[in-house]
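Have the viewer open while you read.

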Amino acid sequence: MSILLPTMRNLWRQFTNFRWQINITVICLIMCLSIYGCQSQNNKDDGVIHLTLWQGINPPVNRDVFNKLVDRFNQTHPDIYVESIFAGTLDQQLPKLLTAVVGNVPPDILFFYPQITGQMVELDAIIPLDDWWKNLPVKSEIIPNLLEEMQINGHTWSVPLYTSNIGIFYRPKLFQAAGITQPPKTWSELRQVAKKLTIDRNGDNRPEQYGIVLPLGKGEWTVFCWFPFLWSAGGEVVNNNQPNLNNPEAIAALQFWQNLLTDGSAKLSAPERGYEEDDFIAGRVAMQITGPWSYITKSDVDYAVFPMPANVEKATAIGGGNMYVMKTQAAREKAALKFLEYVLSTQFQTEWSIGTGFLPVNKKVAQSKTYQEFASKKPELQVFLEQMPVARARPIIAGYSRLSDSLGRGIEATLLGESPQKALKTAQERLDLIWENKSK
């Protein structure tokens, strides 16, 4: 039990920072999981290494594509069997994952967004992939700007399952009706276009059609959608591994969002539901920030996509999902690495990308005749492919979850009327206290 104490202390801090209410039921669960982890043995004696893989892939149609590819791996690797388990959406999955880690019953393979890397390293829950990655033949085929999300503290910890980035979907018929002939390329043009697309048909000061929808909330989706504006303003929120939210560029990016609201041309999403597309599909908004995985691409509405408008420079955010090998046993970890190599392969990436709309992480696949023929029939994909060179990763640092939480609260406060300066100042002060306590 003494071996578990440092990890349990780390977990307690993680739970506190997320403001989770840990009651006696969860504590008992952790104790039971710890006992189970010490005593349980693999009860299958069939010569096959059975691995569990936790994933939160949505929507279900994309999950079906993934599971079919997992089945193919199992068929071609008779000595390994991977069981793909939908463990809930990623936000729902996190408490379960941390409990499983501290209880010594983690999955063998984990799919998660790469910003969790620092947390998993702190908990000593994942294995470094340096030696395996160094000798991997497919390494040279991976898109270079994905490497940042694989690494922290000079080590490689994960590999990408998919990549993508965000742009702005729009309704061409609504643009045409408003007399707009070209998509906006700059912040000022976006603001002007949003005004033209906002229509109050009955004069009650409540538009039936808004120019754009902005994601209300303090969760990761809101933060994710805002980062391209920060980078386009020339800003950062981390310097030398220290958070710096209250800076002129961050203020400018938040002020732009607030300007859209002040103009009356932006509609706020339901809280923490900024990814939902009902208003766009119904024509209640003309533009929405999202990516090629969007249900919009599977709907019957007219749509097109333009790149994220620029201010100081062009920028967008990488929307990726990575695969981790959890610390278990040497034989299981070795088997899990075989599955990760399969995920990066030409076969997997071709079928996965065509089946889901995500962009391939393998350059050979992206340039292949098969994928190019597919992409040529989906013009929106060209926008996201062309944006990849300016796509950037959100910070990969140990305290990202704390940074994101404070930043999200600042963005939300601004969308609800607080000045960007005050909202970011408060967010930074909150973060300073967390960082100070973390370092003690």
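First, the ground rules. This is a predicted model, where local features need pLDDT of at least 70, side-chain atom pairs count only at pLDDT 80 or more, and totals for chains, interfaces and linings use all residues. Residues are numbered from 1 along each chain as its sequence is written, and side-chain values use heavy atoms, with hydrogens and water left out.

**The sheet and its helices**

Let's start with an open sheet of five strands, ordered S2-S1-S3-S15-S6, with mixed pairing. Helices (H or I, at least four residues) and strands (E, at least two) are DSSP runs numbered from the N terminus, and two strands pair if DSSP finds at least two bridges between them. Strand S2 (80-86) and strand S6 (159-162) sit at the edges with a single partner strand each, so one side of each has no neighbour in the sheet. On average, neighbouring strands here are turned by 25° against each other, direction ignored.

At one end of that order, S6 pairs with strand S15 (residues 321-325) in the antiparallel sense over three bridges, and Pro-160 stands opposite Asn-322 in S15. At the other end, S1 and S2 run parallel and are joined by seven bridges; Leu-51 has Val-82 in S2 as its bridge partner. S1 is mostly covered, with five of its seven residues buried (buried means under 20% relative accessible area, exposed over 50%, partly exposed in between, using a 1.4 Å probe and protein chains only).

Which strands does helix H3 (residues 60-76) touch as it packs on the sheet? H3 touches strand S1 (49-55), S2, S6 and S15, and its direction makes about 165° with that of S2. Contact here means heavy atoms within 4.5 Å, while axes are lines fitted to C-alpha atoms, for helices over the stretch in contact, with angles from 0 to 180 degrees between N-to-C directions. Helix H12 (residues 330-344) lies across S1, S2, strand S3 (109-112), S6 and S15, at about 55° to S1.

**The core**

The largest nonpolar core has 132 residues, and Met-287, Met-323 and Phe-339 have the most contacts inside it. A core in this sense is a set of buried Ala, Val, Leu, Ile, Met, Phe, Trp, Tyr and Cys residues joined through side-chain atoms within 4.5 Å. Helix H9 (residues 220-232) supplies the largest share of this core, nine residues. If you click on Met-323 and skip residues up to four places away in sequence, its contacts include Leu-53, Phe-66, Phe-111, Trp-157 and Phe-339.

**Salt bridges**

Side chains of opposite charge can pair when their charged atoms come close. The rule used here is a side-chain nitrogen of Lys or Arg within 4 Å of a carboxyl oxygen of Asp or Glu, and by this rule the count comes to 15 salt bridges. Some of them are tabulated below.

| Pair | Closest N to O | Relative accessible area |
|---|---|---|
| Arg-191 and Asp-263 | 2.6 Å | Arg-191 27%, Asp-263 27% |
| Lys-425 and Glu-429 | 2.7 Å | Lys-425 44%, Glu-429 41% |

Glu-351 lies in helix H13 (residues 346-356) and Arg-72 in H3, so their pair ties together parts 279 residues apart in sequence. Arg-191 in helix H8 (residues 187-196) and Asp-263, in the loop between helix H10 (248-262) and strand S11 (266-268), are 72 residues apart. Lys-425 and Glu-429 are about one helical turn apart, because four residues separate them in helix H18 (residues 420-439). There's also a network of salt bridges linking Lys-267, Asp-279 and Arg-284.

**Two loop residues**

Is Val-301 buried or exposed? Val-301 is buried, at 17% relative accessible area, and is found in the loop between strand S12 (285-290) and strand S13 (304-306). Leaving aside neighbours within four places in sequence, Val-301 is in contact with Arg-171, Phe-280, Ile-281 and Ile-296.

Ser-345 lies in the loop between H12 and H13. Its C-alpha is 7.5 Å from that of Asn-362, 17 residues apart in sequence.
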